[in-house]
Amino acid sequence: MLCALLVAGENGLSVEALAEAVWGDDDVHAHGGPLKAIMSMLRKTLGRERIPLGSSSRYRIALDLDDRLDLEEFRALTREGARLVTAEEHAAAAKLLGQAVKLWGVPPLPDLPDHYGVLWDARQDLLGERRDAQLALWEARLHLGENRDVVREVRGELADDPLSEALHRLVMLGLFRSGQRIEALQHYAAAEELFKRETGSRPGGKLRRLRDAIDADDDVDGTTPASPAVQIVPAQLPPALFDFTGREADTAVLVEWLTPASDTTALPVVAVSGPGGIGKSALAAHVAHKVRASYPDGQLYAHLAGMSGQPRQVGDVLAEFLHSLGVRGLMPRTAWERSALLRSLLAGRRVLLLLDDAGPMHQVQHLLPGTAGCAVIITSRIHAADAASRHVRLHPLPHQEAVDLLGEIVGPDRVAAEPDAAASVVEACGGFPLAIRVAGARLSAQPYWSMAYFSGLMGERVADADGVELSTRVAADSYGALGGDAQRAFRAVSLVGQGDWPSWVVAMLLGGGGGDGDGDGDGERLVELLSAHSLIAPAGVDGMGQPRYRQHDLLRSYGAARIASDVGERDAATRRLELGWLELADRADSHIQPEPHHPPTQRHGTSLYAPAAASALIDADARGWFDIEINNILAVIRLAGQEGQVDRAVGLALTVNSYLFWARRDGDAEDMWRAIIEAATAGGHAGLAAEARLRMATLISRLPGGAKRSMSMFDKCVQVFDDLGDGQALARSLAARVFSIWILTTENRASPHSGALLERGVADSVRGLEAARTAGDAYTELACVRSLGLMHACRGDFAQATSLCEESLGMAAGIGARTGQRAYEAYTMRLLILVRLAAGDFEEALALAGRGRELVRMFGYPAGEASFEEQAGEALSGLGRLAEAVTRYGAAADLYSEDLAPYHRARCLEKRASAAARLVSL
């Protein structure tokens, strides 16, 4: 019933048509009662306003502006895909068209009747749209060199539609472009015979001309037989351990399972399971290197941190894999879509995947390829019964292999000199490789200790069936060997999380910051001591030349348990961690331009915990420092929210908001604000939740189709801030909502709702302006004046719109002159240019575009430069200076080439092509 109402749209359906749609006949007498019951259920579920009471003979569903249909999403994706095809951006087009096609179920439209009736035509039209999108997708994939895959898929479709000339054309093109010219001609011959037999006529002229071009070995649709597309070959396996010892039987069976067999159609998935510290990762890497020659198309690796407090998100891992396989630009939004794309990219390739430290098996299901040829190794503390086809469960090393491993670490002569003591050491370690390595590292750091002396320090082996107590005992021994400051450092770094971090973090955690540098040396010393005891591990060097470290999950768990036993110590360390990052992020934020949609973040101006070493790095290159540390800051924001310190989470989020804006990390920003909304709502912080919602809605409103999605969020912000009596935040919310109204009005001028929406925008601008002036907020006053100008532009009153936007530009320039914050001026100038272009003031728009590009060039913001170049092209096109317009559009496309959203570049290329065509026609 719901499907039928949605397809029917505003006109709705009669009672008879509904009955026919749901039950297959129009017997209202028989179906009237059930129909009314279903309608009552729908009204209760969706709200009575969604299915308004009307004539007794018709029903319809009323949609709001913020309602979203998958059909609309499908059409938006196909429109964007078509534009990308026109711009010859075939990789981006295939990505979007693939997403569009995947929105359909199998079979498509199962809830819409397939018998003749009032919805029959609608169903056929929708299926036609789906077919067009699928054909366009196959066409784009042919341009990418995926000829064999497309041929295979289209042949399957021909089984259901053997008389489709479009499908036959794709098969012939795919065969020809993959070098199978004769096969393409044979396919045509078979198709011609089928057409004569079934219809009495030959195929159409287009298919015949394609056959003739293939027969002559000419260019076909502007292309010659293509060589296979260049594929990126990832090689991500972690290094194999030079001292790997034992496990010969397990290695042999894993190598056998992972060596490809010619007659198999199943995907080899092997799991290595066992308790923590048993050597799963080492064995998996060892085996992966042995079989890598069998997987020449690459090896992918991901550490999933499945048993940690913060397991890796499947969507993030999929994004990393897709990026490694060459996917650039717009990334599919959901984990399901990313998984489907991964399977498509891996089909027909020989790639080995190593998924390390997996948690519950649902964490890895989306990461598995779909076809034989690839292979997967999973390591997990959980027995992977529902994901893997073969399993190896690791047990402690046999005694001799454990002794041999200790000898590889400390030297065989040292073990041979005290065989009984060495046996006691490995017995105390219980055969756990990690425990043996920790013990060996301690012995290596103390060359004058005898093996017997060290064995006495370790005590007797104590472990449960999973070895947890044993591993904890080994960590406790190493921990106990440290001094008080080092122990405190070990406990504190357990709060940092699973990422890597620089040594000055330890000084910050221990309260040795404050900007004077006195504590930095102690931090370095303690880090070196912890590293020497293998309680932390080196993790390379970052882009600023700073060594990085990380802590093993098992050791971090032990440290976390120790610090949790002293609530006061943990609270103090957590406070220093959160406030230290806040001070550092605030300092870095002060070096970059504020993002132009909100007032600048108020500076904290304190330096109680910020280490001097970090402050110096920030002052040298704030943007580069943010690039390196942003993931740690985002993790601390999540920690603060989980700890109930929502004000700290919001404070930290505000200090990184501008960086995320200029770095175009919209996904990270949205996730950050969404987490804060949840934490603030759970804690009853209505104002903080509304602030986070306002920030997220503003971000979403800038994305394609985001203006509609953001409206309900802005509505809630306006209501909350109005109830709280926060006039400044209310004014910001109103100005932000007007921006979305401007986009919706511009995109939907023919809509019957556009007039009312426009008047709402004018009222919001006036109300926001009054509230901003009352609050004395120049930034929000600027935004409201600018918004009012946009509303007058929508009304067609360009004189008033220009006057208001120029007034707001003057206000922004004044702010920039006083504070150096030029981002507001650049953004306001861009909106003024839009008004000038709409009014036909092309000379003024061109001059402003030149000023704007010079301004944003100072920010190091190529996308901003591209925007002004594109506007310059618009102005030149309006002036009839088409050759110059072509140049400007090309420059804009080049500047957009590194942007994360490919549709910006595609749009500029399309405009350049249009201007060039007009120039040729003159």
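How many salt bridges does the structure hold? The structure holds 48 salt bridges, a salt bridge being a side-chain nitrogen of Lys or Arg within 4 Å of a carboxyl oxygen of Asp or Glu. The model is predicted, so local features need pLDDT of at least 70 and side-chain atom pairs count only at pLDDT 80 or more, while totals for chains, interfaces and linings use all residues. Residues are numbered from 1 along each chain as its sequence is written, and side-chain values use heavy atoms, with hydrogens and water left out.

The protein chain has 41 helices and 10 strands; helices (H or I, at least four residues) and strands (E, at least two) are DSSP runs numbered from the N terminus. Of its 922 residues, 51% count as buried. Buried means under 20% relative accessible area, exposed means over 50%, and partly exposed lies in between (1.4 Å probe, protein chains only).

Glutamate 89 is buried, because its relative accessible area is 18%, whereas arginine 905, at 24%, counts as partly exposed. Helix α41 also holds arginine 907, 37 residues from glutamate 870 in helix α39 (residues 862–878). The side chains of arginine 907 and glutamate 870 meet in a salt bridge of 2.7 Å, N to O. Here glutamate 870 is buried at 7% relative accessibility, and arginine 907 is partly exposed at 28%. Arg853, Glu854, Arg857, Glu865, Glu869 and Arg888 are linked in a network of salt bridges.

The largest nonpolar core has 93 residues, and those with the most contacts inside it include Trp742, Met791 and Phe859. Such a core is a set of buried Ala, Val, Leu, Ile, Met, Phe, Trp, Tyr and Cys residues joined through side-chain atoms within 4.5 Å. Helix α37 (residues 823–839) gives the most to this core, with nine residues. A second, separate core of 83 residues includes Leu509, Ile618, Ala679 and Cys717.

Three strands form an open, antiparallel sheet in the order β8-β10-β9, where two strands pair if DSSP finds at least two bridges between them. The edge strands, each pairing on one side only, are β8 (501–502) and β9 (537–541). Two bridges join β8 to β10 (residues 547–550), and arginine 548 in β10 is the bridge partner of proline 502.
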